[in-house]
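Colleague: I would like to learn how to read a model of this kind, beginning with the overall layout and ending with individual side chains. Could you take me through it step by step?

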Amino acid sequence: MSTEVLERPELKDADTGPEMFHYVRKEKIAESAVMGNYVVALCGEQFPVTKAAKPGSPVCPACKEIYESMRG
């Protein structure tokens, strides 16, 4: 199973911290970006892909924990 840090940020208010990105199946990213379909992150969040994460972007803690448990 291939996942990648993704794509639609979880928008936060200025006082709650930065936006976070989620892990999503890699093969669903392009489809969502082109067709507007919703993707499902490892944490269960559903959203259309709107932008890519840059290196060093904050990642959803729940997605990260699930991803790390799948790898090991």
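This is a predicted model: local features need pLDDT of at least 70, side-chain atom pairs count only at pLDDT 80 or more; totals for chains, interfaces and linings use all residues.

Colleague: Which elements does the chain have, and how do they run from the N terminus on?

Modeller: One begins with the secondary structure: the chain has two helices and four strands, and from the N terminus these elements run β-β-α-β-β-α. Of the contacts with a separation of 6 or more, 41% are between residues 24 or more positions apart.

Colleague: How should I read burial, and is Ser-32 buried or exposed?

Modeller: A residue counts as buried when its relative accessible area is under 20%, and buried residues make up 26% of the 72 residues in this chain. Ser-32, which lies in helix H1 (residues 26–35), has a relative accessibility of 1% and therefore counts as buried. Beyond its neighbours within four places in sequence, Ser-32 is in contact with Asn-37, Val-39, Phe-47, Pro-48 and Val-49.

Colleague: How many aromatic pairs does the structure hold, and why is the pair of Tyr-23 and Tyr-67 described as stacked?

Modeller: The structure holds one aromatic pair. The ring centres of Tyr-23 and Tyr-67 are 4.6 Å apart and their planes are at 10 degrees, so the pair is stacked, given that planes under 30 degrees apart count as such. This pair links distant parts of the chain, with Tyr-23 in strand E2 (residues 20–25) and Tyr-67 in helix H2 (residues 61–71), 44 residues apart. Both Tyr-23 and Tyr-67 are buried.

How values were computed:
Residues are numbered from 1 along each chain as its sequence is written. Side-chain values use heavy atoms; hydrogens and water are left out. Buried means under 20% relative accessible area, exposed over 50%, partly exposed in between (1.4 Å probe, protein chains only). Contact means heavy atoms within 4.5 Å. Rings of Phe, Tyr and Trp (its six-membered ring) pair if their centres lie within 6.5 Å; planes under 30 degrees apart count as stacked, over 60 as edge-to-face and the rest as tilted.
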